[in-house]
Every structure is written in C-alpha cells, then in structure tokens.
Amino acid sequence: MKRALLITLILALTVSFFAFDLHHYLTLESLKQSQHEFAELNAQSPLKVAAVFFVLYVAVTALSLPGAAIMTLAGGALFGLAEGLLLVSFASSIGATLAFLVSRFVLRDWVQNRFGDKLKTINDGIAKDGALYLFTLRLVPVFPFFLINLLMGLTSMRTVTFYWVSQIGMFAGTLVYVNAGTQLGQLESLSGILSPGIIFSFALLGIFPLLAKKFIGWVQKRRVYAKWQRPAKYDRNLIVIGGGAAGLVSSYIAAAVKAKVTLIETHKMGGDCLNYGCVPSKALIKSAKLAQQIRNGEHYGLNTQHPDFSFRKVMARVHEVISAVAPHDSVERYTGLGVEVLEGYARITDPWTVEIKLTDGSTQKLTSRSIVIATGARPFVPPLPGLDEVGYVTSDTLWSTFAELDTPPERLVVLGGGPIGCELAQSFGRLGSQVTQIEMAPRIMIREDVEISEMAKASLSADGVEVLTNHKAIRCETEGEQKFIVVEHDRPSNQTETRRIEFDALICAVGRSARLKGFGLEELGIPTQRTVTTNEYLETLYPNIYAAGDVAGPYQFTHTAAHQAWYAAVNALFGDFKRFRVDYSVIPWATFIEPEVARVGLNEQEANEQGIAHEVTKYGIDDLDRAIADSTAHGFVKVLTVPGKDKILGVTIVGEHAGDLLAEFVLAMKHGLGLNKILGTIHTYPTLAEANKYAAGEWKRAHAPQQVLAWLGRYHAWKRG
Ligand SMILES: Cc1cc2nc3c(=O)[nH]c(=O)nc-3n(C[C@H](O)[C@H](O)[C@H](O)COP(=O)(O)OP(=O)(O)OC[C@H]3O[C@@H](n4cnc5c(N)ncnc54)[C@H](O)[C@@H]3O)c2cc1C
C-alpha cells in the first residue's frame with residue numbers, strides 16, 4: 001500500500017514536471033537568460049533563494065529528473081564558487097541518497113527475489129568492496145549520476161556508506177561544474193565543461209583506490225613469504241597431503257591436466273570414507289536392514305523368522321566390501337592415472353617444501369609451486385571422566401574391534417545423536433544389541449526439522465533403541481567387570497535426575513575434529529580455528545597453500561570434499577590466470593537410517609531462522625503406488641519454494657532411497673529448474689522417483705488459477721448446451 005502510494009506520488013511529480021514544461025527551465029540557454037533575474041532575487045533575500053535552490057536540487061535528483069548538471073552550473077552562477085559548492089555538494093548527496101532509498105523501497109525486494117542467486121556475487125562484492133566501487137563510479141563522470149543512485153539502491157549497500165562515499169566521490173566533479181557556472185557567460189555548451197583530459201584524470205583518480213587495494217593485497221601476500229627463501233625451481237607443480245576423497249580428487253585433476261603431482265598418504269589410501277566411514281557403515285546398514293526385513297517377513301506375505309546370523313561374518317562382509325571398493329582409491333590406480341603416490345607422513349617445512357617420512361624409514365624433501373592440505377578429520381572424544389578406563393570405540397576402531405566379536409555387544413551405548421550415531425545405533429539395534437543412544441541436545445539429528453527428528457526417534461525406538469535426548473553424559477564408572485555411564489537429565493520440575501546405565505561396549509560418535517596438528521601448520525603460522533582458515537578460493541594464509549575436505553570444512557561429507565578438491569586443484573594450478581570461488585549454493589546430504597533422510601538447500605527451521613519467505617509443499621509417500629507395493633509406504637517429499645513461484649529453495653525427503661530420489665532436486669536447484677519442469681518430466685511408473693513429480697503436482701494444484709478454472713467450467717457448461 002505504502003509502496004503503491006509512493007509510486008503514484010513519484011509518477012505524478014514526474015508527469016507534472018514534463019506536463020508543465022519545467023524541463024525547459026533546466027537548459028543552458030534558459031539558465032543564461034534568467035541569470036540576471038535570479039541574481040536580483042538573491043541579492044534581496046539570499047537565505048530564501050539558497051533554501052529554495054537547495055530543496056529544488058534535492059527534489060530533481062531524488063526524482064531522477066534530468067537537469068542536475070544545469071542546476072550545478074546554476075549553483076556556481078548564483079552563489080559563487082564556495083557557497084555554490086557547499087549547497088550543491090550536500091543537495092546532490094542528499095538527493096542521490098533519496099533516489100537510492102526510493103529504488104530500494106520500490107524495487108529491491110522484487111529484484112532480489114527474481115534474481116537472488118545471480119545477484120549473490122554482486123552483493124558479496126558490494127559487502128566487501130562496495131565503497132570502493134561506488135567511489136570509482138562517482139569519480140568517473142561517464143557513469144550517469146541518476147543510474148548509479150538507482151542501481152546501488154538495488155544492492156545490499158548500507159545507506160550511510162552510500163551517502164558519505166557519494167559526498168566525497170562527487171566532490172571533484174561538483175567543483176568543476178560549479179566553477180564552470182561562475183563563468184556562465186563564456187559557456188557555449190555542457191559538453192565543453194569536461195575536457196577529455198579532465199575526464200581521464202578523474203578516471204585515474206577513480207580507479208586509484210581499487211588499484212591501491214590490489215597493490216596492498218599484493219604487498220601483504222609478499223610479506224607473508226618475506227621470511228622464507230623461495231626455491232629457484234620447483235620439483236612439482238602440486239603436492240597433495242592426504243589420500244582421502246579431497247586428496248584423491250585434487251591429485252587426479254592435477255594429473256589430468258598434465259601437472260607433475262605427488263600425493264602423500266600416511267595410513268590408508270581412500271581415507272576415512274573408504275576405511276572407517278561411508279563404505280563400512282553402509283555395508284553394515286545393509287546387513288542390519290536385511291535382518292530387520294527377515295524379522296518383518298509378514299509384511300511381505302512370508303513367515304516371520306528370527307534372523308539367524310554370525311556377527312563375525314557380518315563384520316567380515318564389511319571388510320570384504322572395503323576390499324572390493326579399495327582398488328578405486330589404490331596406489332596402483334592413481335599411479336596409472338599419472339599421480340606419483342608416496343606412502344609416508346608429510347610435514348610442510350616452508351611454504352614450498354614438504355618433508356616426507358616414508359614408510360621404509362627414509363626421508364624425502366620435495367618442493368612444489370603449490371600444496372593442497374587434505375588431511376581430513378578424526379573422531380572427537382569428549383573429556384568425559386572415566387571414559388578411558390571403561391574403554392570405547394570410535395568410527396576409527398569399531399570396524400576392527402567388533403570384527404573380533406562372535407556376537408554384537410549385548411548392551412551397547414551410542415554416545416551422540418548426529419547422523420553417524422543414528423546410523424550406528426539403528427544398525428546395532430537391528431542386529432540384536434540392546435542400544436541406548438545418548439544425546440545432550442533436545443532432539444537427535446538437530447540440523448533437520450523437528451518433525452524429522454521425531455520420525456527418526458520413532459523409527460529408532462521401533463528398532464529397539466532407547467533414545468535419550470536432553471541427557472548429558474557426566475562420567476563413566478566401573479564396578480569390578482561392570483561398566484556404567486552416568487547421565488544427567490533435567491526434569492520439567494527443574495530437578496536434575498541422574499541415571500546409571502550399564503553397558504558392554506560404548507561407541508563414541510559425538511563429532512569429528514579436523515586434523516590440524518603435527519604437519520607444519522603451527523610452524524608456518526597458518527591460522528586455524530576448528531578447521532584450517534581459508535578464503536573463498538580455499539587459500540590459506542599462504543596463497544600457494546590450499547585446504548580441502550574435512551580439514552577445511554564447513555561440511556564433512558565425501559562429496560563436498562571432492563567438490564572443494566576441484567577448486568583447490570584448479571586454483572592452485574591456474575590461479576595466476578583465473579581463480580574460482582568455491583560454490584556452496586547447492587549442497588545435498590543424506591542420513592542412511594531407515595527411513596532415509598535426505599536434504600538439499602533450506603529446510604523450514606533454517607528458512608524461519610534466516611527470515612526467508614517460503615511456501616511449503618508436502619507429498620506423503622504413503623500414497624505412492626511403488627512404495628505401497630514395496631511395503632515402504634512412509635515418509636514424504638517436502639519442498640520449500642519462493643512464495644507464488646515454482647523456484648525451489650530446499651527439499652527434504654524422508655523415505656526409502658531418499659538419498660537417490662534427492663538427485664533430481666539437486667540437479668533442478670543447481671540449474672535453476674523449477675517444479676513446473678519436474679512436473680513436465682516423464683517419470684517411469686511405478687518408481688519411487690514418481691514421488692518427486694507428485695510433490696510438484698501438489699504445488700501446481702495449490703497454485704491453480706481459480707478464476708480461470710471457474711471460467712473454464714462456465715465455458716464447458718455452455719458447450720454442453
Ligand atoms: C562413520 C562415518 C560415516 C560416514 N558416512 C558418510 C556418508 O555416508 N556420506 C558422506 O558423504 N560422508 C560420510 N562420512 C564423512 C566422510 O567420510 C568424510 O567427510 C570424508 O572422508 C572426508 O574426506 P577427506 O579427504 O577430507 O579426509 P579423509 O578421508 O579423512 O582423508 C584424510 C587422509 O589424510 C591422511 N593424512 C593426515 N595427515 C597426513 C599427513 N601429515 N601426511 C600424509 N597423510 C596424512 C589420513 O591418513 C587420511 O587418510 C562418514 C564418516 C564417518 C566417520
């Protein structure tokens with residue numbers, strides 16, 4: 001309403017300006033003709049004339065009407081250089097800021113909603129260097145004054161910044177024009193005021209701050225290297241430390257573009273994902289799921305059976321799966337791809353040198369133009385009193401420790417309610433352990449929406465897991481052979497309840513911390529917090545040293561490690577020509593409990609926290625033919641869209657193969673395809689993937705044009721006669 005009023009007012013004023021021929025007063029001839037009369041008026045009441053001039057100037061610029069240049073000349077002609085400069089300088093900055101605000105108020109939301117993704121880079125640039133850009137634009141008089149006001153209003157620049165930069169940036173140009181105005185009689189045309197020489201000087205002045213900034217950046221970069229002796233020649237183009245997902249992909253890319261690259265791995269090729277993470281956990285999940293299906297035979301018209309299995313064989317299968325996948329990440333494979341693989345522990349000794357303690361006991365030193373740190377993360381073990389005494393396993397040790405057992409641990413405690421804790425708790429519950437899962441937060445899988453946490457809890461509970469949320473582990477104790485964990489829980493009555501839980505084995509799955517120590521970061525002074533500090537190009541303090549994967553964060557997934565690896569390798573090898581900012585705009589992930597939970601983009605809680613307007617469309621998979629046939633008719637597809645539009649902001653899928661189903665939405669979001677496009681795509685019947693199309697259908701139904709449909713109803717009635 002307010003917006004409509006403002007637009008009407010602006011339109012009315014603009015139309016009147018032209019309708020009443022006011023623009024004819026704002027020409028050089030008209031100014032020259034009236035100069036005498038104005039001078040007389042000014043002599044009679046100088047304050048009034050100055051005030052009227054000021055207000056008129058502000059109005060003309062605020063409404064983006066043509067004539068600001070003439071009014072600037074008039075300022076000089078009427079008031080002389082000093083007073084004219086003072087009046088024009090303030091009036092033009094205030095008017096420009098009003099125009100900026102009008103554009104922001106009327107258009108910005110619309111523009112940001114329509115082109116949000118594309119504007120992100122501009123907004124990021126404005127947040128970082130906006131004042132410098134504006135200063136350049138203001139100083140170089142070839143950029144139209146009114147256009148700068150309106151365009152800047154559409155960005156995220158702060159109003160105060162816009163005002164003061166405009167005031168300073170326009171000063172030189174204003175001075176030239178006001179000065180020209182003091183000699184109005186000799187002026188033949190507006191174009192003569194700024195000679196090519198002056199324009200060139202302004203342009204130089206305008207780009208000076210940007211050049212200065214680049215120069216300072218260059219000096220700072222040189223300063224970080226100052227105390228190091230750069231080698232005259234390098235042994236390698238790239239050295240990659242760590243043979244997990246991030247390291248493997250970085251080195252592979254380097255080899256593919258014919259760079260000389262060495263990959264160093266101290267332990268097992270394939271890193272956490274292959275040896276301790278994704279691969280073994282998914283192998284275990286499969287066996288556990290099958291055991292559960294046997295238990296639920298009646299769901300499929302079969303006799304219910306108690307799954308009869310050897311846990312030792314289940315764990316042996318897990319190791320067989322690791323061995324079957326291992327060749328994908330092996331030394332042989334990567335050597336064949338053109339990567340030199342060294343097995344040993346790497347330490348960075350200066351920004352270009354890596355010292356490797358090889359597994360045969362020898363040491364090798366290599367220099368490299370660039371280095372990628374891909375040392376991953378390790379399980380975080382909380383400082384819980386008594387934990388070391390009772391003993392525990394983490395994802396690093398559980399696969400080998402449990403492989404020695406004939407039966408799953410009878411009473412198992414899983415510490416942690418994140419994705420890894422949930423996957424392991426459910427699997428061991430299904431394999432027959434009596435599992436207690438302990439989570440300090442009010443719910444498990446806290447990054448997901450509340451309803452997802454509730455579904456996950458219900459599902460784990462159905463598999464026999466006792467899920468304790470809002471329970472804080474405070475210590476571990478032993479009593480002879482017996483082991484206990486003590487947890488604290490605040491009751492609604494504000495009383496703290498303590499519980500002692502007896503267990504046979506404890507899995508610690510409370511998070512993973514980046515591997516930051518012992519390989520040279522401290523000595524080189526490379527800043528770290530929870531992860532290695534990098535900029536958007538994944539450069540560390542030393543622009544030739546990059547970090548990727550779990551060690552760089554902020555995500556801890558195999559696919560994000562591989563994604564970052566591309567940026568690290570390409571920037572490391574080709575950064576002199578072009579650097580790429582790592583793009584985190586569409587990051588998917590999945591938690592492989594049953595039902596699977598998969599997400600890309602925003603969920604409801606994030607959209608609400610960030611104040612992002614959204615609509616929610618939900619399709620229940622309980623209605624899907626294939627899911628009914630498979631007895632997996634549960635879960636949903638939840639899509640967040642821009643209000644009134646089919647543009648996807650985020651998707652959460654809960655259900656069988658949710659991680660696979662999500663791929664269609666990941667593709668859609670990445671390439672800007674909306675729900676209409678998904679609806680218009682043929683999905684094979686009967687597949688689970690149809691759920692995506694039905695979700696799009698739900699959205700379409702909710703946005704059907706009711707008016708048009710009413711008219712169509714009438715049309716068909718008329719056709720029937
Ligand atoms: C139980 C579990 C389940 C998981 N499930 C999934 C999943 O389903 N999907 C998913 O996307 N992610 C999953 N993850 C996460 C995934 O495993 C990691 O995000 C991924 O492995 C990170 O890869 P990276 O290359 O950064 O590090 P890593 O794989 O940890 O590799 C780093 C390597 O660097 C080596 N290294 C360290 N320091 C040195 C040194 N100084 N010199 C030489 N070598 C060194 C290490 O030995 C290691 O091999 C899971 C993790 C766990 C623990």
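Modeller: Sorted by class, the shell around the ligand is made up of 16 nonpolar, 16 polar and seven charged residues; please keep in mind that this is a predicted model.

Biologist: Which residues come nearest to the ligand?

Modeller: Among the 39 residues around the ligand, the nearest are E265, D272, K282, D550 and T558.

Biologist: OK, and K282, what does its side chain do there?

Modeller: A polar atom of the K282 side chain sits 2.8 Å from an oxygen atom of the ligand.

Biologist: How much of the ligand's area does the protein bury?

Modeller: The protein buries 94% of the 1000 Å² that the ligand exposes when it is taken alone.

Biologist: And which helices and strands supply the shell?

Modeller: At least two shell residues come from each of the helices α9 (245-256), α10 (271-275), α11 (278-295) and α19 (558-574), and likewise from each of the strands β2 (261-265) and β3 (340-350).

Biologist: Switching topic, how many cavities of 30 Å³ or more are there?

Modeller: A search of the whole structure turns up one, and the largest cavity holds about 40 Å³ of space.

Biologist: What lines the largest cavity?

Modeller: Its lining consists of I452, M455, A456, I593, P595, V597 and V654, which by class makes seven nonpolar residues, with no polar and no charged ones. Helix α17 (residues 450-462) gives the largest share of that lining, with three residues.

Key:
Residues numbered from 1 in each chain as written. Predicted model: local features only at pLDDT ≥ 70, side-chain atom pairs only at ≥ 80, totals over all residues. Heavy atoms only, no water. Near = heavy atom within 4 Å. Polar contact = N/O pair within 3.5 Å; in protein donor to acceptor, adjacent residues only side chain to side chain. Areas by Shrake-Rupley, 256 points an atom, 1.4 Å probe, with all protein chains shown as cover. Helix = DSSP H or I, 4+ residues; strand = E, 2+ residues; numbered from the N terminus. Nonpolar A, V, L, I, M, F, W, Y, C, P; charged D, E, K, R; others polar. 1 Å grid on protein atoms, 1.4 Å probe; cavity = no way out; pocket = protein on both sides within 12 Å on 5 of 7 lines; lining within 4 Å. Points joined across faces, edges and corners; volume = space filled by probe spheres on them.
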